[in-house]
Amino acid sequence: MTLHRRLARRAAIIAAVGALTAMSLPNMATAAPATKVSGGETQPTFSYADAIRETTYVESSVDGDHDGKPDRIAADVIRPKESDAGLKVPVIMVASPYFARYPVPIPEKEKRDKAKLAPAGDDDYKDVDDDGSPAKFPDWYDNYFVPRGYAVVLVDVPGTRASEGCLTSGGSTETLGVKSVVDWLGGKGKAFDHAGAEVSADWTDGKVGMVGRSWRGTEPNAVATMDVPNLKTIVPISAISSWYDYMRLDGQVRFADYPRDLASRVGSARKVDPGECKPVWDTLAADSAEDTGNYNAFWDERNYLKDVSKVKASVFMVHGLNDWNVLTRNGQQFWEGLKANNVPRKLWLHQEAHTDPFNVRNAEWVKQLHHWFDYWLKGIENGVMAESQVDVERAPNQWKTYASWPQGTSQRLYLNSDGSSPTRLTPVAPRPPGLGTEVRLTDSINQTEAQLIANPRKANPNRVVALGEPLKADTRISGVPTISLTADFSSGGGPLTALLVDYGTDTRVKHSADSGQIGVVPTGNTVCVGEGNAVDTGCLAEFKHDLATTDAEVVAEGWTNSQHRESLTRTSEVNPGQAYGLTWKLQPEDYVFKAGHRVGLVIAATDCTAMPDGCAAAAGGKDPWPRVTTDVHVNQTSITLPLAP
């Protein structure tokens with residue numbers, strides 16, 4: 001007998017006994033126990049071992065696999081057993097495409113697992129039998145929050161594991177499928193058990209908070225922009241706000257055929273025949289403007305920023321300032337939209353790359369998330385909203401709080417050239433303006449960022465380097481640097497790279513897309529959170545900062561394609577020998593240049609760190625784009641920095 005049937009039989013017996021008791025003893029009804037609260041936070045009141053575990057299939061409003069039927073979305077639930085006896089609990093929800101093993105290898109995951117640079121790839125893996133009793137609820141949310149009177153619901157994103165539909169790399173059928181589960185938890189829509197019997201979420205009070213990292217954090221962003229009343233809060237961690245800004249670099253293609261490749265790799269774990277989704281995946285390649293890098297209707301569908309004004313849920317956002325996967329712009333743009341809409345919000349910015357805050361600051365993260373959910377889902381006054389709005393990791397393990405973010409005001413630095421190398425970077429504009437030396441830049445499709453910034457005083461035909469004078473005091477930037485450049489090109493145009501660099505010896509966090517470093521490494525120990533059992537222990541690997549002493553640090557990067565200098569929606573012709581002005585933004589930052597260090601700017605064409613597929617093609621003897629010679633008009637080039645107190 002399955003768990004669901006046992007529970008149904010048990011519930012029927014309880015209901016019958018309850019009815020007899022009510023007839024004979026009308027004044028003896030027993031109220032469900034309440035969650036204990038002490039010190040402004042919920043306490044472990046309910047048994048994790050006795051918690052109800054069940055799988056439901058929520059009927060969505062979309063037919064993403066085009067089989068003529070609404071997609072049913074699998075949602076695994078764990079909740080206190082008392083929620084079957086009148087206790088109403090709020091929900092912490094994670095929607096993930098990663099709840100099953102991949103039958104198709106993921107090279108990046110394999111590389112990181114082999115190097116032990118990230119938790120094991122199967123940490124998100126759930127129950128292979130899918131028998132109504134999930135064996136494992138990944139992460140620690142269930143272990144910690146179920147005893148404190150919450151339900152945890154893990155949702156298979158449409159087109160993955162047990163959910164119907166097709167994965168579409170952030171498309172509308174995917175996000176609407178996730179939304180249907182939030183709706184059902186709020187009392188709207190239908191859901192069914194394994195046997196096909198309709199089930200209700202009568203055990204919840206309807207309040208939902210969504211949390212997750214990367215794709216799992218992107219789903220909360222998307223659903224929040226749909227103005228779902230019972231979605232009370234979201235916690236997006238290293239999340240995408242615009243898939244264009246994830247897969248494109250201001251018009252430059254970052255990864256080849258990435259929308260289709262990503263959807264087909266992750267979606268190939270779909271239990272329902274994955275082959276049914278191949279026609280859908282093929283349309284991703286056809287519709288995503290792979291040949292031009294243009295922003296079009298495909299990307300607009302996956303742009304949640306255009307609807308950020310509809311967000312009503314509170315937001316606790318976390319992003320790595322050195323995230324080379326989901327670039328920091330994705331967090332900053334969503335944050336700015338929330339600020340304009342006056343959404344209740346909180347922000348953590350850490351020094352590491354694409355990793356969870358649990359790996360960076362675990363004790364404080366558990367505490368903060370606990371207070372956040374207690375306040376927004378249970379209404380407990382604990383002072384979390386009276387705390388500083390922003391926490392920034394200034395240096396490894398050194399955190400500072402701020403009332404807002406960003407805090408910089410514009411300061412323009414100019415490139416001044418007298419023909420020597422490197423070029424000087426100063427706050428004084430060249431005189432007379434517009435006149436000066438042109439520096440020729442030859443594209444080389446095999447250089448990483450580490451190679452581009454090394455030995456700044458050594459001549460290198462593949463870059464332009466500008467150096468400021470040694471700083472007299474610590475200098476902080478907070479916000480988005482912008483570069484303005486004048487150049488002419490030998491032929492049809494191509495990628496351009498700008499790297500803001502801190503030249504000065506220091507101990508820094510190791511974060512490199514080239515080597516897969518994410519800024520933390522395992523200590524060999526584990527951290528246990530909440531309660532657990534033999535299968536779902538609630539114990540996770542403990543991490544520490546991965547540090548190295550280096551002579552330079554890439555502070556912020558920015559890329560564009562010269563053919564997109566006028567618009568991201570179309571390309572513009574580049575005439576050889578004609579001078580063009582280009583302006584583009586670098587990734588947001590919050591960084592302190594120490595006294596004695598120099599501010600540097602490196603300008604190049606191809607950046608293999610940011611455009612690895614292009615470099616891989618070049619390594620195979622195939623140029624991914626024309627090799628262009630660029631003449632940079634140095635004395636008509638500048639960078640604007642957001643200087644902060």
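Student: What makes the disulfide of Cys528 and Cys539 right-handed?

Tutor: In this predicted model, the torsion about the S-S bond of Cys528 and Cys539 is about 100°, so this disulfide is called right-handed.

Student: And how do you know that Cys528 and Cys539 form a disulfide?

Tutor: Their sulfur atoms are 2.0 Å apart. A disulfide requires two cysteine sulfur atoms within 2.5 Å, so the pair qualifies.

Student: Why is Cys539 called partly exposed?

Tutor: Its relative accessible area is 31%.

Student: How many disulfides does a search of the whole structure find?

Tutor: Two. The other one joins Cys166 to Cys277, with an S to S distance of 2.1 Å, and that is again within the 2.5 Å cut-off.

Student: What is the handedness of the Cys166 and Cys277 disulfide, and why?

Tutor: Here the S-S torsion is about -90°, so the disulfide is left-handed. Cys166 sits in the loop between strand S6 (151-156) and helix H4 (172-185), while Cys277 sits in the loop between helix H7 (258-267) and helix H8 (278-287), so the bond ties together parts that are 111 residues apart in sequence.

Student: Are Cys166 and Cys277 buried or exposed?

Tutor: Buried means under 20% relative accessible area. Cys166 has 1%, so it is buried. Cys277 has 0%, so Cys277 is buried too.

Methods: Residues numbered from 1 in each chain as written. Predicted model: local features only at pLDDT ≥ 70, side-chain atom pairs only at ≥ 80, totals over all residues. Heavy atoms only, no water. Helix = DSSP H or I, 4+ residues; strand = E, 2+ residues; numbered from the N terminus. Buried < 20%, exposed > 50% of the residue type's maximum accessible area, 1.4 Å probe, protein only.
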